[in-house]
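Hello,

Here is the structure I said I would pass on. My notes on it follow below.

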Amino acid sequence: MDRLYKPSKLSEILSKYGFRFTKSLGQNFLIDGNVVRKIADAAEITEDDNVLEIGPGVGTLTEELALRAKKVLAVEIDEKLKELHKETLDIENVKVIYGDFLKIDLDKVLEEEFNGESFKVVANLPYYITTPIIEKLVVSDINLISITVMVQKEVAKRLSAEPGNKDYGSLSVFINYYTDCKYKFQVPQTVFMPRPNVDSAVVTLKMLEREKFDTEFLFKVVRASFTTRRKTILNSLSNSKLNYSKEDIRRALELSNISPTRRAESLKLEEFMVLSINFKSVG
Ligand code: SAM
């Protein structure tokens with residue numbers, strides 16, 4: 001049987017069902033078996049794993065995941081793919097549900113489909129909503145083990161950036177709080193149909209266990225610190241929406257052992273955490 005990643009097979013299926021790509025839904029389908037296998041390898045999927053895929057498209061990656069996993073649950077927004085899926089995803093351990101991933105009641109779906117068991121996310125994400133999807137996954141109180149996703153290369157760099165790197169920003173700190181994120185490999189535009197205008201890359205995010213923490217305030221401090229990247233942390237925080245006097249900011253930095261002349265891009269997550277705690281004692 002021909003696999004869906006074969007361009008001739010994919011074209012045949014698409015024309016059989018009269019499928020038209022919707023650019024606004026980020027529909028760029030994979031047409032390279034190597035990349036499909038490399039994504040599944042990076043996710044370390046075994047026969048014990050439940051897998052959640054966001055945006056199966058025709059089902060190219062889904063097919064590979066189904067061969068390796070216990071069960072694959074795929075959430076697709078485009079109901080025009082429903083008829084086509086009856087042919088491509090008529091696979092025993094695959095279930096497709098139709099809806100907007102950002103709007104579905106994740107807890108309910110996971111309870112129904114995985115009986116609350118742990119699961120991994122694997123996806124070639126629609127690029128227009130990469131960050132909201134990852135945010136929804138990491139902040140939800142769900143039994144998630146890891147996320148392996150293909151995203152725009154620039155976003156992959158920001159997600160996985162370390163302090164001191166030019167791509168390091170509030171998104172990197174946020175991701176670093178919830179996960180251990182690793183940049184895996186770059187993917188050229190040529191492996192998609194149609195070709196996107198940007199390069200892509202795959203990242204893996206392994207979920208971390210954290211003690212209870214006031215994350216709302218922590219990320220307020222982080223965002224405020226990065227408002228003016230080129231300025232010192234003292235000036236950046238003083239010019240931000242964070243409501244503290246320059247003296248209080250100076251004091252909180254001192255208590256945290258952070259020099260006021262440093263820049264936000266040099267601060268590790270742990271330093272931001274200490275700083276956010278000390279703000280509470282000076283305010
Ligand atoms: N997994 C397929 C592949 O690799 O060939 C398709 C990936 S394509 C980049 C993104 C897919 O996400 C499309 O099928 C698109 O319709 C779907 N999608 C877009 N927005 C979505 C949303 N909010 N919820 C669920 N799926 C969505």
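F217, L218, V221, V222 and S225 of α9 are in contact (heavy atoms within 4.5 Å) with L269, F272, M273, L275, S276, F279 and K280 of α12. Of the residues in this contact, nine are nonpolar, two polar and one charged; Ala, Val, Leu, Ile, Met, Phe, Trp, Tyr, Cys and Pro count as nonpolar, Asp, Glu, Lys and Arg as charged, and the others, Gly among them, as polar.

This is a predicted model, in which local features need pLDDT of at least 70 and side-chain atom pairs pLDDT 80 or more, while totals for chains, interfaces and linings use all residues. Residues are numbered from 1 along each chain as its sequence is written, and side-chain values use heavy atoms, without hydrogens and water.

The axes of α9 (residues 215-225) and α12 (residues 269-282) lie 9 Å apart at about 110 degrees. Axes are lines fitted to C-alpha atoms, for helices over the stretch in contact, and angles run from 0 to 180 degrees between N-to-C directions. The two helices are therefore roughly perpendicular (65 to 115 degrees; under 35 is roughly parallel, over 145 roughly antiparallel, the rest oblique). Helices (H or I, at least four residues) and strands (E, at least two) are DSSP runs, numbered from the N terminus.

E63 sits in helix α3 (residues 60-68). E63 counts as buried because its relative accessibility is 8% (buried is under 20%, exposed over 50%, partly exposed in between, with a 1.4 Å probe and protein chains only).

Regards
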